[in-house]
Amino acid sequence: MSYCREEGKDRIIFVTKEDHEAPSNAELIADDPNDPYEEQGLILPNGDINWNCPCLGGMASGPCGSQFKEAFSCFHYSKEEVKGSECIDNFRGMQECMQRYPELYPQEEDGESSPNQGQSGSDPTTDSNSPPSTSQSAPSSDSKAPSEGQNAS
């Protein structure tokens, strides 16, 4: 025996095995181009933000959804010369919220920026070490001392 019950905003439908074996009699409704919940991209025809756009990856919902909406709205509607420059506090609030929920908002920096930081960190070191290493190849006596320093660093 199948039945349906509602709990708050959710509707829970229990069906039997027999219900699943019968062919569906669901009727598809033609898409309404004016329906703001349809996938119309990030910006709706009226200029509003489509918070249901899959391109947002669900960022508009969850524990930091309101902070995301505030920051993104601020940036979208910004009229400043440097677009979004007045939104720094909103983005900071969103970032602080996301840091409180690392299981929901994993830090991509941890996995990706470690190599990037190593590269960006090595760029200045490479820049500072590049001239000695280039000059190292010419004089052989200088190449011994810096190479020891390079092995240590």
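Mentor: Helices (H or I, at least four residues) and strands (E, at least two) are runs assigned by DSSP and numbered from the N terminus. The model is predicted, so local features need pLDDT of at least 70 and side-chain atom pairs count only at pLDDT 80 or more, while totals for chains, interfaces and linings use all residues. Residues are numbered from 1 along each chain as its sequence is written, and side-chain values use heavy atoms, with hydrogens and water left out.

The part to look at is helix α3, starting with the largest pocket. A pocket is an open set of points on a 1 Å grid over the protein atoms alone, with protein on both sides within 12 Å along at least five of seven lines; its lining residues have an atom within 4 Å of a point. The largest pocket has 10 lining residues, and M94, Q95, M98, P106 and Q107 lie nearest its centre. Both α3 (88-99) and α4 (108-137) give at least two residues to this lining, and the largest share, 4 residues, comes from α3. By type, the lining has 5 nonpolar residues (Ala, Val, Leu, Ile, Met, Phe, Trp, Tyr, Cys and Pro), 2 charged (Asp, Glu, Lys and Arg) and 3 polar (the others, Gly among them).

A disulfide, here a pair of cysteine sulfur atoms within 2.5 Å, joins C64 to C97, with 1.9 Å from S to S. C97 belongs to α3, whereas C64 sits in the loop between α1 (17-21) and α2 (65-76), so the pair, 33 residues apart, links distant parts of the chain. The torsion about this S-S bond is about -90°, which means the disulfide is left-handed. Buried means under 20% relative accessible area, exposed over 50%, and partly exposed in between, with a 1.4 Å probe and protein chains only. C64 is buried at 1%, and C97 is buried at 2%.

The structure holds 3 disulfides. Another one joins C74, in helix α2, to C87, in the loop between α2 and α3, with the sulfurs 2.0 Å apart. This link is left-handed, at -90°. C87 counts as buried at 0%, and C74 is buried at 19%.

C53 and C55 form a disulfide too, at 2.4 Å, but their link is right-handed, with 130° about the S-S bond. Here C53 is buried at 8%, whereas C55 is exposed at 52%. Counting bonded cysteines along the chain, the pattern is 1-2, 3-6, 4-5.

Terms used
1 Å grid on protein atoms, 1.4 Å probe; cavity = no way out; pocket = protein on both sides within 12 Å on 5 of 7 lines; lining within 4 Å.
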